[in-house]
Amino acid sequence: MSFKVNTEIALTHLSSRKKQTIIASLGVAIGIGAFIFMISLIIGFNRKSDEGLFKTVPHIRIYQEDKVSQSLVQEINKGYTAVIVNPKISILSKTLINPTKIIKDLKKQPDVVTVAPQVSVNLFYNNGKSQLNGLASGVNIIEANSMFDIQSTMIAGDIRNLLSLSNGVIIGVGIADKLNLQLNDNLNITSSIGVIKIMKVIGIFQTSNSNIDQTKSYINLTTAQQLVKQSSSYVTDIFLNIKNPDKAPDYVPYFSEITGYKAEDWQEANEQVMATKRTRRVLLGSISTAVLLMAAFGIYNIINMTIKEKINDIAILKATGFSGGDVINIFVKESIIMGFIGSSIGLILATVVINFVSGIYVGGDMGYFPIEFEKEIFVLGFFLGIFITFGAGYIPARSAANIDPIAIFRR
């Protein structure tokens, strides 16, 4: 039969059962709305987590891996006894040899965006009788800002002041609060090997990580080298940012090969963060999938009930020349129409909920609820709703197409 006739029959079925049609469409709407909201929430949380992480963590870190001392004499054969020494970590294990050449070579790589050297210094912050344990990053502040966007985290002062002041220090807001420090105050710092310096606070920053804010500071690279009594060529880490941070693990073997040092991507260095992201993705993804399946079962049940109630009508249709394909076409159209209506309402529902939730202030490191309108997810949700309702309608429609009209009439 014609496409138009099949469509008219499908619309007649839907209009004659308005209540069930509305309920099924609302079920799809809730399912699609929940799916879009949950997936947008996952993306929002992960984006917020990555943004906060990349304020202090590079995409790839190049460093000298700690080495443990070996036996004085290695084992030659099974009957040979090796001379054993007390295994200790090498004192010079953190030193990078010829870092200037390594940095120059890395900057030539096509996918590398930023390269920044660093000297990490474990130290104590002292102000009067108050003392805090922390970590200072000796950096070239312009390069470090290009990598970590430090200026965007500043709540007082300007990072450029570090260029003109050799004993300047930029501290986290947690350090400032605990030691009662303000701009231009003096801060006594003591490195792990006992070197003492009087520093001047020229900036205060605040990240989304309170632990970082309570321990970390930025100082000039030369000052950090002095705190550990090393020369101007001393560098402990080289940080890299690449065009696509998600592909960092793919670059690790290559960078390790060309530098001769350990290369570590940000995913490997932050396994706890990655585990949290995976847990969040599985949890919210499972919930949204369950809601979608419930909506699909709603469509399936309604189409299945319609087929049972109209089995005589189906037999008459087939007896008057309608094929099994026509029967499938009719009921699949019904499910697609309900899916289209439900998916459209679901988009509106998701828009309203996301707009409301994004304005909720949760405080702490999070600020406002980290959710935004993701166009790709809205498009995916709409077509996913159509696809699921198509499947939910096709299964019972196939059984209707196999109905034998003669067997029905004999009843």
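**Exercise 1.** Determine which residues of β9 point one way and which the other way, and whether they are buried or exposed.

*Solution.* Asp237, Phe239 and Asn241 point one way from β9, while Ile238, Leu240 and Ile242 point the other way, and all are buried. Buried means under 20% relative accessible area, with exposed over 50% and partly exposed in between (1.4 Å probe, protein chains only). Six of the six residues of β9 (residues 237–242) are buried, so this strand is largely enclosed by the rest of the structure. Strands here are DSSP runs of E of at least two residues, and helices are runs of H or I of at least four, numbered from the N terminus.

The model is predicted: local features need pLDDT of at least 70, side-chain atom pairs count only at pLDDT 80 or more, and totals for chains, interfaces and linings use all residues. Residues are numbered from 1 along each chain as its sequence is written, and side-chain values use heavy atoms, leaving out hydrogens and water.

**Exercise 2.** Identify the strands that pair with β9.

*Solution.* Pairing requires at least two DSSP bridges between two strands. Strand β1 (residues 60–63) pairs with β9 in the antiparallel sense over four bridges; in β1, Arg61 stands opposite Phe239. Strand β2 (residues 112–127) also pairs with β9 in the antiparallel sense, over six bridges, and Gln118 stands opposite Asp237.

**Exercise 3.** Describe how α2 and α13 cross.

*Solution.* The axes of α2 (residues 18–53) and α13 (residues 324–357) come within 7 Å and cross at roughly 40 degrees. That makes α2 oblique to α13, as angles under 35 degrees count as roughly parallel, over 145 as roughly antiparallel, 65 to 115 as roughly perpendicular and the rest as oblique.

How values were computed: Axes fitted to C-alpha atoms, helices over the stretch in contact; angles between N-to-C directions.
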